[in-house]
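The following exercises ask the reader to study one protein chain step by step. Each task is followed by a worked solution.

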Amino acid sequence: MQTRGRSVSEEPAGVVVYWRPMCTYCMKLLTQLRFTRLQYTKVNIWRDPEAAAFVRSVADGNETVPTVTVAGRAMVNPSKRELLEAVETYAPHLLSETD
């Protein structure tokens, strides 16, 4: 996992988790992802205006988080299962070989 201020356009082949502090849905998803092999980048939308604008563009004008992109495909508030299924389909190389 990496934390950077990059938007989806800069990491189209990866997984980007757009989040904000004190978001219980974000905390739940990020905690669940700690127990997976998934490699992803976190972007705090409160620190990155471009990221916030991107989230609004895919969430009907709202800053609904977590919003996650998998290989450039946006998912608004996905479950862990939905996210991992999308990774297996669109970016299986992001799941590391080790457990």
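**Exercise 1.** Determine whether F54 is buried or exposed.

*Solution.* The model is a predicted one. Step 1: the relative accessible area of F54 is 19%. Step 2: a residue counts as buried under 20%. Step 3: F54 is therefore buried, since its value of 19% lies under the cut-off of 20%.

**Exercise 2.** Identify the ring with which F54 forms an aromatic pair, and describe the geometry of the pair.

*Solution.* Step 1: the count of aromatic pairs comes to one. Step 2: this pair consists of Y18 and F54, with 5.3 Å from centre to centre and 40° between the planes. Step 3: planes under 30 degrees apart would count as stacked and those over 60 as edge-to-face, so that the rest are tilted; the pair of Y18 and F54 is tilted. Step 4: Y18 belongs to strand 2 and F54 to helix 2, and the two residues are 36 apart, so the pair links distant parts of the chain. Step 5: Y18 is buried as well, with a relative accessible area of 0%.

**Exercise 3.** State which residues of helix 2 are buried and how they are arranged around the axis.

*Solution.* Step 1: A51, A52, F54 and V55 are the buried residues of helix 2. Step 2: they lie on the same side of helix 2, because the arc they cover around the axis is only 160°. Step 3: the face turned away from this buried side carries the exposed residues P49, E50 and S57. Step 4: strand 2, strand 3 (41-44), strand 4 and strand 5 are among the elements that cover the buried residues of helix 2.

**Exercise 4.** Describe what is found at the start of helix 2 and what follows this helix.

*Solution.* Step 1: at the start of helix 2, a side-chain oxygen of D48 comes to within 3.1 Å of the backbone nitrogen of E50. Step 2: D60, which follows helix 2, has a positive phi near 55°.

**Exercise 5.** Carry out the analysis of Exercise 3 for helix 3: which residues are buried, and which are exposed on the other side?

*Solution.* Step 1: the buried residues of helix 3 are L83, L84, A86 and V87. Step 2: their arc around the axis is only 155°, and therefore they are on the same side of helix 3. Step 3: on the other side, R81, E88 and T89 are exposed. Step 4: the cover over the buried residues of helix 3 includes strand 2, helix 1, strand 4 and strand 5. Step 5: for R81, the relative accessibility is 58%. Step 6: the C-alpha atom of R81 is separated by 10.0 Å from that of Q32, although the two residues are 49 apart along the chain.

**Exercise 6.** Name the elements that supply at least two residues each to the largest nonpolar core, and find the one with the largest share.

*Solution.* Step 1: this core has 30 residues, of which V15, Y18, L38, V70, L83 and V87 touch the most other members. Step 2: at least two residues each come from strand 2 (15-19), helix 1 (24-33), helix 2 (49-58), strand 4 (67-70) and helix 3 (80-90). Step 3: strand 2 supplies the largest share, five residues. Step 4: beyond its neighbours within four places in sequence, L83 has contacts with V15, L29, L33, L38, V68, V70, M75 and P78.

Note on methods: Residues numbered from 1 in each chain as written. Predicted model: local features only at pLDDT ≥ 70, side-chain atom pairs only at ≥ 80, totals over all residues. Heavy atoms only, no water. Core = buried A, V, L, I, M, F, W, Y, C linked by side-chain atoms within 4.5 Å. Buried < 20%, exposed > 50% of the residue type's maximum accessible area, 1.4 Å probe, protein only. Helix = DSSP H or I, 4+ residues; strand = E, 2+ residues; numbered from the N terminus. Contact = heavy atoms within 4.5 Å. Phe/Tyr/Trp six-rings, centres within 6.5 Å; stacked < 30°, edge-to-face > 60°. Arc of directions from axis to C-beta. Polar contact = N/O pair within 3.5 Å; in protein donor to acceptor, adjacent residues only side chain to side chain.
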